Amino acid sequence: METPRTPVQPVLWSGWGDPGKATGLDPAVRELLAESLGVVPPAGEPAGFGDVRLPATELSPFVLDSLRSIVGAEQVRTDADARIRHTRGKSTPDLLKMRMGDGSDAPDAVVLPASHHEIAGLLSVCTAERVAVVPFGGGTSVVGGVVADRAGFAGVVALDLRRLDRLVSVDEESMLAELQPGLRGPQAEELLNGHGLTLGHFPQSWEYATLGGFAAARSSGQASAGYGRFDDMVEGLTVATPAGDLELGRAPRSAAGPDLRQLILGSEGAFGVITSMRLRVRRLPAERRWDAWRFPSFQAGRDAMRALAQERRLPSVIRLSDETETMINGGTGCLMVIGYEQGDPPRFPGAEHLGAAPAERWADGRFAAPYLRDALLGAGATVETLETAAHWSGLPRLYEAVRLALEAALGRAIVMCHVSHVYETGASLYFTVATASGDDPLARWDAAKTKVSEAIGLAGGTISHHHGVGRDHRAAYAAEIGPVGVGIMRAIKKSLDPAGILNPGVLIP
Ligand SMILES: Cc1cc2nc3c(=O)[nH]c(=O)nc-3n(C[C@H](O)[C@H](O)[C@H](O)COP(=O)(O)OP(=O)(O)OC[C@H]3O[C@@H](n4cnc5c(N)ncnc54)[C@H](O)[C@@H]3O)c2cc1C
């Protein structure tokens with residue numbers, strides 16, 4: 001068993017990432033925001049760490065002692081620091097609430113188990129004592145995936161999985177690695193790279209999100225065109241549920257009934273806790289190279305992506321920005337970024353070749369955008385993202401429907417879009433929106449999100465391609481799967497978690 005050398009750094013409690021990498025805003029950008037969007041700086045300063053209002057801990061001394069008897073006293077934390085750092089995820093509304101000093105969703109305690117056995121023990125205590133349990137990876141959910149309903153429970157515990165951080169084994173013959181769920185993206189790559197292997201999974205949240213979170217929320221990374229989504233990489237899973245253990249996946253494909261791994265992928269902590277994973281790995285490429293093209297229109301770029309996907313000639317990274325996103329990043333037309341690892345990159349007649357530089361610039365800055373969001377929030381601009389997917393023939397309608405819904409709901413807003421996950425039959429659309437925060441930024445965004453979710457449903461898109469359902473998308477998810485689908489989800493929940501302690505309020509409509 002190998003553990004990573006890189007220790008886990010805490011994420012900024014009210015924003016993104018490493019506080020040392022926080023970025024400021026150029027005065028010219030502030031002026032542009034004021035002129036184009038009517039952004040005015042917020043009246044007061046955001047709340048400091050010491051200003052966060054935390055509810056009193058509800059857990060009884062008996063429950064706390066029972067938890068301590070399983071993981072050890074030092075691994076059950078009830079201090080303000082631990083509770084604040086496990087309050088909510090990292091959506092813009094989550095950050096806005098933290099900046100207002102609202103700690104009302106804080107767990108009563110944070111528990112850090114180190115093994116499957118300890119997790120199974122914790123689930124039994126929490127079931128017996130009716131304590132809600134929130135499986136917590138990196139806490140980077142942007143759909144309310146780590147906030148539990150506390151009504152009817154004797155308290156809420158965040159189950160932080162960071163101590164399950166081992167590379168358990170490597171089977172180079174089958175190209176499989178067994179890894180534990182608390183490993184963050186860079187830690188997992190460090191361990192695998194030591195064997196000349198890679199997962200090839202690089203979502204924008206890679207630095208802080210965990211393997212367990214990638215599986216539980218069906219994550220998709222920037223190199224999905226070449227390496228697949230995270231759920232494509234999962235060959236086997238070990239899961240602790242209140243009803244007992246699940247050991248799933250013993251062959252690459254099986255005709256032994258429905259594939260129960262699919263029940264756990266995307267289950268967002270509501271069915272069980274993933275305690276180990278057998279993941280498909282690939283050889284670390286000798287090099288990762290870049291290329292870029294300018295397309296005359298978003299549709300022309302999408303047509304080129306579709307052709308590559310259908311001819312099965314996709315590079316590892318392919319990403320196309322629409323006109324607005326390209327313009328905001330200083331370009332014209334529609335920028336396509338290509339990342340490839342072998343052979344020659346694709347060529348596109350009818351598009352202008354820009355060489356490697358624009359793509360290298362994108363690659364260098366690809367994990368920096370969340371820091372910019374923090375700076376914009378501080379300046380009085382709300383910036384949020386949302387994503388969906390559809391088949392190729394439905395994409396133009398979906399693109400227009402989302403843009404129109406956002407513009408109608410928000411008035412002055414910049415709505416940008418890119419395509420970065422493509423399949424033979426369709427693709428995802430990823431939108432970034434910037435608008436003035438106004439007097440009540442939470443209500444303003446909530447109203448817009450409701451409208452845009454309706455528009456996605458009406459235009460035939462899915463409510464999420466890779467962020468998941470969480471609390472925020474439950475209603476839209478129910479509409480998407482219909483009453484029979486809702487009944488199935490509730491029945492599975494009842495079977496695996498009869499007391500309903502796992503992540504109450506998340507996923508299950
Ligand atoms: C700035 C930013 C950029 C992002 N970019 C991307 C992107 O490019 N691609 C993408 O797919 N997503 C992206 N996300 C969303 C998020 O990072 C992903 O959903 C990620 O998979 C969450 O991982 P996590 O470890 O942080 O999970 P958490 O946020 O801790 O948890 C997510 C959900 O999974 C459950 N869970 C976590 N671990 C386990 C476990 N071991 N067993 C059972 N349930 C578990 C939780 O209870 C919760 O419901 C981004 C988020 C942010 C804030």
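Select the open sheet, in which 4 strands follow the order S1-S2-S4-S3 with mixed pairing. Strands, like helices, are DSSP runs numbered from the N terminus (helices H or I, at least four residues; strands E, at least two), and two strands pair if DSSP finds at least two bridges between them. The edge strands are S1 (76-77) and S3 (132-136), each pairing on one side only. The model is predicted: local features need pLDDT of at least 70 and side-chain atom pairs count only at pLDDT 80 or more, whereas totals for chains, interfaces and linings use all residues. Residues are numbered from 1 along each chain as its sequence is written, and side-chain values use heavy atoms, with hydrogens and water left out.

Next, select S1 together with strand S2 (residues 109-111). These strands run antiparallel and are joined by 2 bridges. Arginine 77 stands opposite valine 110 in S2.

Move on to helix H4 (residues 92-99). This helix is largely enclosed by the rest of the structure, because 7 of its 8 residues are buried. Buried means under 20% relative accessible area, exposed over 50%, and partly exposed in between (1.4 Å probe, protein chains only). The buried residues of H4 are Thr92, Pro93, Asp94, Leu95, Leu96, Met98 and Arg99. To see what covers them, display helix H3 (80-85), helix H14 (369-379), strand S16 (381-391) and helix H16 (441-458), which are included in that cover; contact here means heavy atoms within 4.5 Å. Glycine 101 follows H4 and has a positive phi, near 80 degrees.

Now select the ligand and its surroundings. Of the 35 residues around the ligand, Pro135, Gly137, Thr140, Ser205 and Thr210 come nearest. The shell divides into 15 nonpolar, 18 polar and 2 charged residues. In this grouping Ala, Val, Leu, Ile, Met, Phe, Trp, Tyr, Cys and Pro count as nonpolar, Asp, Glu, Lys and Arg as charged, and the others, Gly among them, as polar.

A backbone N or O atom of glycine 137 lies 2.7 Å from a ligand oxygen atom. The protein covers 96% of the 970 Å² of accessible area that the ligand has on its own (Shrake-Rupley method, 1.4 Å probe). Finally, colour S3, helix H7 (211-216) and strand S10 (273-280), the elements that give two or more residues to the shell. H7 supplies the largest share, 4 residues.

Notes:
A residue is near a molecule or strand if one of its heavy atoms lies within 4 Å of it. A polar contact is a pair of N or O atoms within 3.5 Å; within protein, one must be able to donate a hydrogen and the other to accept it, and residues adjacent in sequence count only if both atoms are side-chain atoms.
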